[in-house]
Amino acid sequence: MKTPVSPALVAVVGPVEPALLAAWTAHYRRLGIERFHLAFHFPDHVHDAWRHQLLAASHDLGIVPARINTGPWHEHTNTQLRDSLREQAGTGWHLIADSDEFQTHPVPLAEMIAQAEAARRKVIGGLMLDRATNDGRLALWRPETGLDRAFPLGGHLTHRLLKGDPRKIVLAHSSVTVASGNHRAPGHRPDPDTLACVHHFKWRSGVLDDLRRRVDRFTSGEWAEHTPAVRSEASRLLQHIDRHNGRIDVADPRLAFRCVTIERLPDGWAAEAAKIATTWRPHTAQSQSGSTISSPSP
């Protein structure tokens, strides 16, 4: 029996804080990832100092960026960069994750892939669990505190409030085309009983400026969009925050926020995730592409 090869990780990274990149890299190395194919994209508003700091952090982590891109963050930018990285990664399985997404799998990656291959599946799915602070503030966090302690709650913000697609393609064979936002792989259906949990650490300090910029630039046409879905979801979050004094309403029972950690999922998570993944349908004002604002923040 041949030894399974660890999948290559493919990710498009926006101007995140270097501490997040370090925590993210460490997390995936613990999962057994050895090959990182990263593209960094910097929109025009990002200062040179931030860009240099993040690229230096990548090199310090032992990762040489495959692509460094600047300019408008069009809706198609992420997809084009991701697909060029997948081509570079070559034949085999690719783990696809945004830089604010920390995947946990029910069994080790090699076993996940072996099970998929035995079932003649070429994709493995996941479901997003949005992480938040205890009081819903969009807070700064410190590396010494850690993401789990800074954002101890997990809930369903993306699909219950933002009306976005919470499903993710987390692993795909190189022969499979993955749609925009990594939500679907046309012609391929993940097994709903082996879903990964995608801990989504998007709701941090600074995200509101990113969302307002996204709405403004998509509305003006400065950044090109294919559907209004991304802009609509950003607007829903901004309106919610305005109604709740700058915070996410983590007490809203619809959003189902509860205490979690990366290593400890909510009771009944697998059944809950399978039900959501199999019954989710695009919002009526949304195209079938299911794009969400889960892609890297511009």
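A salt bridge is defined here as a side-chain nitrogen of Lys or Arg within 4 Å of a carboxyl oxygen of Asp or Glu. By this criterion, Asp98, Glu101 and Lys168 are linked in a network of salt bridges. The structure is a predicted model, in which local features require pLDDT of at least 70 and side-chain atom pairs count only at pLDDT 80 or more, while totals for chains, interfaces and linings use all residues. Residues are numbered from 1 along each chain as its sequence is written, and side-chain values use heavy atoms, with hydrogens and water left out.

The protein chain has nine helices and ten strands; these elements are DSSP runs numbered from the N terminus, with helices being H or I of at least four residues and strands being E of at least two. The radius of gyration, taken over C-alpha atoms, is 18 Å, which agrees with the value near 19 Å that a compact globule of 298 residues would have. The globule rule is 2.2 Å times the number of residues to the power 0.38. Along the principal axes, the C-alpha trace spans about 60 × 45 × 40 Å. Of the 298 residues in the protein chain, 54% are buried, where buried denotes under 20% relative accessible area, exposed over 50%, and partly exposed in between (1.4 Å probe, protein chains only). The chain exposes about 13,200 Å², and carbon and sulfur atoms supply 50% of this area; accessible areas come from the Shrake-Rupley method with a 1.4 Å probe, and for residues only the protein chains shown count as cover. Contacts (heavy atoms within 4.5 Å) were also examined by sequence separation: among those between residues at least 6 apart, 80% join residues at least 24 apart.

Strand β4 (93–96) is paired with two strands, pairing being assigned if DSSP finds at least two bridges between them. Strand β1 (residues 8–13) pairs with β4 in the parallel sense over three bridges, and Ala8 stands opposite His94 of β4. Strand β8 (residues 167–173) runs antiparallel to β4 and is likewise joined to β4 by three bridges; here Leu95 stands opposite Leu171. The side chains of β4 are divided between two directions, with Trp93 and Leu95 pointing one way and His94 and Ile96 the other, and all are buried.

His94 and Ile96 are also among the residues touched by Arg86, which lies in helix α3 (residues 77–89). Further contacts of Arg86, not counting residues up to four places away in sequence, include Val10, Ala172, His173 and Val178. Arg86 is buried yet has no salt bridge, the nearest side chain of opposite charge being that of Asp83, 5.0 Å away. For this assignment, Lys and Arg count as positive and Asp and Glu as negative, whereas His and the chain ends are not counted. The loop between β4 and β5 (101–104) holds Ser99, which is buried with a relative accessible area of 3%. Leaving aside neighbours within four places in sequence, Ser99 is in contact with Val13, Gly14, Val16, Leu20 and Trp24.

A search of the whole structure finds 13 salt bridges. One of these joins Arg247 to Asp135, with the closest N and O atoms 3.2 Å apart. This pair links distant parts of the chain, 112 residues apart: Arg247 is in the loop between α8 (229–243) and β10 (258–259), and Asp135 in the loop between β6 (123–132) and α5 (147–150). Both partners are partly exposed, Arg247 at 33% relative accessibility and Asp135 at 31%. In a further salt bridge, between Arg254 and Asp252, the closest N and O atoms are 2.8 Å apart; Arg254 is partly exposed at 46%, whereas Asp252 is buried at 13%. Arg258 forms a salt bridge with Glu272, the corresponding separation being 2.9 Å. Arg258 lies in strand β10 and Glu272 in helix α9 (residues 269–279), so the pair ties together parts that are 14 residues apart in sequence. Arg258 is partly exposed, at 22% relative accessibility.

Positive phi values in residues other than glycine occur at Asn245, where phi is near 55°, and at Ala256, where phi is near 55°. Asn245 is placed in the loop between α8 and β10, and Ala256 is located in the loop between α8 and β10. Asn245 is exposed, with 71% relative accessibility.
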